[in-house]
Each structure stands twice: as structure tokens, then as C-alpha cells.
Amino acid sequence: MTDIPARQHRQVTALTRALPPWSLLAAGAVAGGLLGGTYGLVRTPAYTATSYVVAVPTEKSDTATALGFAQAYGRVAPQLAVLGDAQVWAGVPVRTLQESVRTATSPDAPMVSVTATSSRPDVAADMANAVARALTRHAGDTERSTHVELQQFARAVKPTEPSSASARVTGLVGASAGGLLGGLALLVRPRRVADRTGRPAAVPGPAVAADTHGQL
């Protein structure tokens, strides 16, 4: 009974050695492609929507000042004071906004982009527009001191396609990863006995043996 596992191991090892080298690469690529494609099919798609606001200088300000305040508003947007107002219009909790909304600014233009991601396209657009609206409102409360007005440049629209990778893309990524693992397995696979032992040792001929006897 104890010889059965050892015999099976020897059979598997012999079969592995008998397979052509490219079979490990092909098996890894196929397995990785199937796993990646399946993951892309079962994963919940994600939708992304972006709203833009722009900082406009008043008569007592200039473009450089508006650019500086745009950078500041981009950092203020994820704060609780802004998200607390935005949750009323977005219809989602503040925690969801903190996890799903990101802001970005440009060093060349006084503009702030508000991007929201959700499994529902309408919710993604609502969150982006709600945060942009709340940020504009807070900027309006300090307009007399900052001399910069924050206006909505473009509203977020309901996305028609998911922003997450499709099953085809995840399948290609999985196939690439599987092929790489197959190549690594090919490098560490057991070699043939002839490859491990090398060339057989040479046996001394009779003449060499006779010379050795004479020296003794």
C-alpha cells in the first residue's frame, strides 16, 4: 500500500518529462486565460462619471489667484464639510462618497475634476454632480474674501459603458500571467537522468593500470 503513492509520483514525473517543453507554456496560458475571463464575467462592473468646476477671478483678482484657489478647492472637496452637504443631493451616505469620489486639479488651468465610481451608472453621475454642487456652494460662501468664484464647467452625465476592464481584457491578462508561470515551471522542471549525470566517467585502460603497478 505504501508503494502506491511513490509509484504514482514516479509515473507523474515520467509523464512530465515526456511532455514537450511548450506544453507547460500552453497549459499555463490556457488556464490563466480561463480564470481571467471568468473573473471578468462574474465581477460587478464599475461605472465612472466626472464633473468639472472652474475657478473664475473677480474684478479684484487675477488668473494666478484663481489657479491657486482651484488647487485649494481640489483638496477641500473630499472633506467632511463638503461631503456632508453632497450626501443630501447624491442620496448616499458620506462614507460611500469618501470611498467612491476622487478629485484632481491641473497645474495649468484653474479647474477641478470630481470623479465618482459606482456599480450603477446613474449613482456615479449623481455623486459627481452632488460633490461639485456642494463644493461650488462652499466656495460661494467665501467669495467676498477670496475674490474667486467657483462655477460649474460641465456636469457629469450617466455613463453608457463600464470603466472596469472587460472579460476579454482580464482573459488576456490571465493568459499572459499563466504563460509566465508556465515558463517558470519549465525552468524548474525535473531534467532527464542523462542531463543530470552528464557523461559517464572514463575507465583507465590496461596501459595506465600497468604503469601504476610499476610505480608501486
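**View 1. Strand 1 pairs with strand 4 in the antiparallel sense, through six bridges.** Welcome to this predicted model; we start at strand 4, which covers residues 148-154. Here V54 stands opposite Q151 of strand 4. Strand 1 (residues 47-57) also pairs with strand 3 (residues 111-118), again in the antiparallel sense, and this time over eight bridges. On that side, the bridge partner of V54 is M111 in strand 3.

**View 2. S118 is a buried residue of strand 3.** How buried is S118? Its relative accessibility is 14%, and because buried means under 20%, S118 counts as buried. Have a look at the side chain of S118, which reaches the backbone nitrogen of R120 at 3.2 Å. Leaving aside residues up to four places away in sequence, S118 touches P45, A46, Y47, V123, A124 and M127.

**View 3. One aromatic pair turns up in a search of the whole structure.** The ring centres of F69 and Y73 lie 6.2 Å apart and the ring planes meet at 35 degrees, so this pair is tilted. Both residues belong to helix 3 (residues 63-76), and because F69 and Y73 are four residues apart there, about one helical turn separates them. Are the two partners buried or exposed? F69 is partly exposed, with a relative accessible area of 27%, whereas Y73 is buried, at 9%.

**View 4. R133 lies over the face of W89.** For this last stop, find the ring of W89: R133 is placed 4.1 Å from the ring centre.

Technical notes: Residues numbered from 1 in each chain as written. Predicted model: local features only at pLDDT ≥ 70, side-chain atom pairs only at ≥ 80, totals over all residues. Heavy atoms only, no water. Pairing = 2+ DSSP bridges. Helix = DSSP H or I, 4+ residues; strand = E, 2+ residues; numbered from the N terminus. Buried < 20%, exposed > 50% of the residue type's maximum accessible area, 1.4 Å probe, protein only. Polar contact = N/O pair within 3.5 Å; in protein donor to acceptor, adjacent residues only side chain to side chain. Contact = heavy atoms within 4.5 Å. Phe/Tyr/Trp six-rings, centres within 6.5 Å; stacked < 30°, edge-to-face > 60°. Lys NZ or Arg CZ within 6 Å of the ring centre and 35° of its normal.
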